[in-house]
Each structure stands twice: as C-alpha cells, then as structure tokens.
Amino acid sequence: MTRSFLPGIASAEALSGHVLAIRWNGMAEDRIDLTELVAGRKGLAPLRKAAAFASAKVGEGGWSVVWKGGVELDADFLYRLARYQAGDSLTPEAFVSWRERNKLSQAKAALALGISLRMVKYYEDGSYLIPKTVCLACLGYESLQRKAAA
C-alpha cells in the first residue's frame with residue numbers, strides 16, 4: 001500500500017520530448033520527463049508517437065493523466081517521479097544503496113538518521129515517499145563519515 005501525500009492534478013500539458021508539465025492543486029508546476037518510462041514499458045508503447053503523447057489530459061477528479069487509447073498514469077506515481085527527478089526525494093533503491101554503501105543495517109541507519117526502524121523499512125519498500133529532510137540527513141551522514149576517515 002502506498003502512503004504519501006497525494007495532491008490532485010489541476011492541469012496537464014504534453015511538451016516536446018515526452019515531458020509532461022503538471023500543475024498540482026494548490027502547488028507549483030512540475031515538469032516530468034517520461035522518456036525512459038515510455039521507451040521501456042510495453043503498456044506505454046502508444047505514447048512513443050508524438051501525436052499520441054500530445055493527447056494528455058487530466059483524468060477524472062484530477063487523480064491521473066490519461067491519453068487517447070486508454071493509457072493512464074496515476075497522480076501518486078507522477079508525483080513521486082516528479083519528486084525523484086527534482087532531487088526532493090530518494091528512490092527506495094537509492095536509499096537502500098546509501099545504507100549498504102555506508103555498511104549500515106536497517107537498525108543502524110535508523111539510529112544514524114534519527115528515525116524509527118519502521119520508517120526505514122517503509123522507505124525501503126516504497127510505502128512512504130522519503131522526505132527531503134531524510135535525503136539531506138543521508139548526505140550529511142556521508143559527509144561526516146568522510147571527514148572522520150580523513
């Protein structure tokens with residue numbers, strides 16, 4: 001189950017190069033590059049054509065973006081992707097990589113970051129979007145470790 005703050009989509013506009021401009025309800029706009037996603041997923045193959053990608057519009061209730069031909073991406077997925085691309089969050093894989101690179105168990109990572117073991121597990125399985133404060137704490141931890149080793 002995904003647990004994250006989910007803003008609704010106020011508007012969606014297809015830009016060139018498989019970039020989607022999304023304005024979130026009550027929030028700023030994000031530009032999300034879907035190039036790799038469209039190229040790599042069979043279900044998104046219809047969007048490889050510029051005309052099909054250009055048909056993007058907001059889905060019912062603002063909870064998705066839909067394209068002609070029945071292709072749809074939900075707002076939660078798009079919001080997470082926007083946060084990852086903006087550098088506001090780590091992907092679960094990047095968080096696990098940080099922990100392993102620093103030779104930390106989940107319990108030791110929780111202590112190092114000042115969060116609960118439960119949250120470490122939630123971040124790693126993708127149940128929660130990793131907040132920017134935790135991303136910055138990860139960077140700070142590595143910086144301190146490099147200083148201590150020097």
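Modeller: Helices (H or I, at least four residues) and strands (E, at least two) are DSSP runs, numbered from the N terminus. By that count the protein has 7 helices and 6 strands, and along the sequence they follow the pattern β-β-β-α-α-β-β-β-α-α-α-α-α. This is a predicted model, in which local features need pLDDT of at least 70 and side-chain atom pairs pLDDT 80 or more, while totals for chains, interfaces and linings use all residues. Residues are numbered from 1 along each chain as its sequence is written, and side-chain values use heavy atoms, without hydrogens and water.

Colleague: What makes strand 5 and strand 6 a pair?

Modeller: Two strands pair if DSSP finds at least two bridges between them. Strand 5 (residues 64–67) and strand 6 are joined by 4 bridges and run antiparallel, so by the definition they pair. Within strand 6, Asp74 stands opposite Ser64, and Val71 is the bridge partner of Trp67.

Colleague: Where does Gly69 lie, and why is Gly69 called exposed?

Modeller: Gly69 lies in the loop between strand 5 and strand 6. Exposed means over 50% relative accessible area, buried under 20%, and partly exposed in between, with a 1.4 Å probe and protein chains only. The relative accessible area of Gly69 is 76%, and therefore Gly69 is exposed. In this hairpin, which has 3 residues between its strands, Gly69 takes a positive phi near 95°. The C-alpha atom of Gly69 is separated by 9.2 Å from that of Leu47, which is 22 residues away along the chain.

Colleague: Which residues other than glycine have a positive phi, and how do you know whether they are buried or exposed?

Modeller: Among them are His18, with phi near 60°, and Lys103, with phi near 55°. Most residues other than glycine have a negative phi. His18 lies in the loop between strand 1 (9–15) and strand 2 (19–24), and its relative accessible area is 19%, so His18 is buried. Lys103 lies in the loop between helix 4 (92–101) and helix 5 (106–113), and with a relative accessible area of 72% Lys103 is exposed.

Colleague: Which strands stand at the edges of the sheet, and why are they called edges?

Modeller: The open sheet has 3 strands in the order 4-5-6, with antiparallel pairing. Strand 4 (57–58) and strand 6 (71–74) are the edges, because each has a single partner strand, which leaves one side of each without a neighbour in the sheet. Helix 3 (residues 75–86) packs on this sheet, touching strand 5 and strand 6, and its direction makes about 65° with that of strand 6. Touching here rests on contact, meaning heavy atoms within 4.5 Å, and the angle, on a scale from 0 to 180 degrees, is taken between N-to-C directions of lines fitted to C-alpha atoms, for helices over the stretch in contact.

Colleague: What can be said of the protein as a whole, in burial, contacts and extent?

Modeller: Of its 150 residues, 40% are buried. Among contacts with a separation of 6 or more, 49% come from residues 24 or more positions apart. The C-alpha trace spans about 55 × 25 × 25 Å along its principal axes.
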